[in-house]
Amino acid sequence: MQKHNPEQAMVKIRREFGEHGGVTPSIARSSTFTVVDPGTMPEIFEGLRGPEKGGCFLYSRHFNPTVDVLNRYLSAMEGSEAAVNTASGMSAISCALLQLCVHGDHIVSSDTVYGGTHALLSELLPQMNIHTSFVDPSDTSGFEAAITPKTKVIFTEVMGNPTLKIADIPKLAKLAHDKGIKLVVDNTFTPLIFSPTVLGADVVVYSMTKFINGASDMIAGAICADKDFIYELMDLHTGRVMLFGPTMDPRAAFDLIQRMPHLPLRMQEHSRRALAIAQSLEELGAPVLYPGLKSHPHHELFTSMMNKEFGYGGLLTLDCKTKEKAEKLMSILQNKEEFGLIAVSLGYFDTLMSCSGSSTSSEIPPEDQEKMGLSPGLLRVSIGYTGSLDQRIAQVERAVKKVGLA
Ligand SMILES: *Cc1c(COP(=O)(O)O)cnc(C)c1O
């Protein structure tokens with residue numbers, strides 16, 4: 001397998017300096033751009049002279065110089081030829097899927113996906129006669145069995161939300177390519193840790209709202225793929241990003257550009273602390289699931305695909321069995337121990353906790369939740385890096401003992 005070092009790749013991208021010698025890039029807030037020679041305008045519209053060809057900028061829903069800097073960070077990190085940033089993770093997912101699928105097409109998806117993605121696949125896309133079969137992400141043969149002549153896409157998260165099941169990306173890529181279809185992967189939970197493009201995925205989507213941004217202060221997304229697919233998305237006549245228009249604002253792009261350089265440090269620290277907390281919970285006998293523990297059913301698969309320097313990620317789950325017990329534990333962890341905050345989302349510098357079945361996965365009907373192994377008392381915890389680790393371990397240990405989980 002080709003060796004890809006995402007941290008080094010990000011360091012090597014062309015640095016963009018600001019006007020007046022600024023060490024940060026300038027924010028190009030112009031919605032439109034002047035052309036010097038009026039004769040070039042028609043050629044820009046024909047796609048002959050746009051910024052993607054090293055030429056002029058046209059209009060900021062198409063390409064914007066500041067957003068382009070971030071596009072370069074993303075494609076360097078991912079090891080993809082190109083990338084396009086979007087206003088949210090959901091718009092990245094929906095535009096990518098709608099570029100690949102039209103009326104009558106079929107998708108095979110992991111059943112363990114973000115609630116919004118599940119709703120898109122199971123409720124919205126069927127209104128456009130695009131149907132999805134859901135399968136267990138950890139069983140590649142299930143994907144194969146569900147493929148029909150109408151299937152255009154295999155969709156999965158590398159680490160499934162919220163049950164932390166791992167999909168075998170190289171095997172799914174081989175399956176997809178043998179069948180002449182595309183593998184689309186959501187790597188929101190595990191940026192840097194996995195490089196799905198290098199593992200064989202055709203399209204990789206991110207919600208940058210989570211770890212990549214890391215400050216829980218914006219909604220943002222990205223699509224990474226080969227140049228042809230990114231230009232298709234930006235096509236003036238049929239590009240889904242161009243015409244549905246989930247454009248990233250250059251101010252949001254600037255904030256993200258300022259945070260990409262310390263993403264490697266942050267991911268390492270999320271992972272280091274999550275592993276230490278998971279180990280201490282496991283020693284106490286608490287029902288903890290974390291891919292860095294040997295007890296995780298897909299620990300070896302995770303290890304075989306990961307970029308080792310970034311660890312096993314910041315997410316762990318504690319199965320409290322009932323919603324009531326999960327709520328009691330969260331309440332102690334937030335209001336007594338000050339271990340973290342009861343909030344949906346993840347990848348923040350403080351720890352965030354939510355009971356997935358009744359929050360971010362509540363779009364998934366109870367019977368499907370049961371099928372995907374989502375217990376009503378499953379507490380998803382995104383481990384932050386504020387405070388001392390010893391203090392955090394002591395807090396969580398006291399709390400799980402208090403509710404009788406250890
Ligand atoms: C949050 C999330 C999304 C949706 O992203 P937004 O930025 O909220 O639109 C998609 N996939 C996963 C795995 C997520 O966690």
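In the predicted model, helix H4, which spans residues 89–100, supplies the largest share of the shell around the ligand, with 3 residues. The shell as a whole comprises 14 residues, and the closest of these are Met90, Asp186, Ser207, Thr209 and Lys210. By residue class, the shell divides into 6 nonpolar, 5 polar and 3 charged residues. The site that holds the ligand is the second largest pocket.

Within the residue range of helix H4, a backbone N or O atom of Gly89 is placed 2.9 Å from an oxygen atom of the ligand. For Met90, which is also listed among the closest residues, the distance from a backbone N or O atom to a ligand oxygen atom is 2.8 Å. Lys210, another of the closest residues, contributes a polar side-chain atom, and this atom lies 2.7 Å from an oxygen atom of the ligand. The ligand taken alone exposes 380 Å², of which the protein buries 93%.

Five strands form an open sheet in the order S8-S9-S12-S11-S10, with mixed pairing. Its edges are strand S8 (288–289) and strand S10 (341–342), each of which pairs on one side only. In general, the strands of a sheet pair through backbone hydrogen bonds, in either a parallel or an antiparallel sense. Strand S11 (residues 352–355) and strand S12 (residues 378–382), which are adjacent in the sheet order, pair in the antiparallel sense over 4 bridges. Within this pairing, Leu352 has Ser382 of S12 as its bridge partner.

Most peptide bonds are trans, and most residues other than glycine have a negative phi. The peptide bond from Asn161 to Pro162, by contrast, is cis, with omega near 0°. Leu164 has a positive phi of about 60°, although this residue is not a glycine.

Notes. Residues are numbered from 1 along each chain as its sequence is written. This is a predicted model: local features need pLDDT of at least 70, side-chain atom pairs count only at pLDDT 80 or more; totals for chains, interfaces and linings use all residues. Side-chain values use heavy atoms; hydrogens and water are left out. A residue is near a molecule or strand if one of its heavy atoms lies within 4 Å of it. A polar contact is a pair of N or O atoms within 3.5 Å; within protein, one must be able to donate a hydrogen and the other to accept it, and residues adjacent in sequence count only if both atoms are side-chain atoms. Accessible areas come from the Shrake-Rupley method with a 1.4 Å probe; for residues, only the protein chains shown count as cover. On a 1 Å grid over the protein atoms alone, a cavity is a set of points where a 1.4 Å probe fits but cannot get out, and a pocket is an open set with protein on both sides within 12 Å along at least five of seven lines; lining residues have an atom within 4 Å of a point. A molecule sits in a cavity or pocket if more than half of its atoms lie within 2 Å of its grid points. Helices (H or I, at least four residues) and strands (E, at least two) are DSSP runs, numbered from the N terminus. Ala, Val, Leu, Ile, Met, Phe, Trp, Tyr, Cys and Pro count as nonpolar, Asp, Glu, Lys and Arg as charged, and the others, Gly among them, as polar. Two strands pair if DSSP finds at least two bridges between them.
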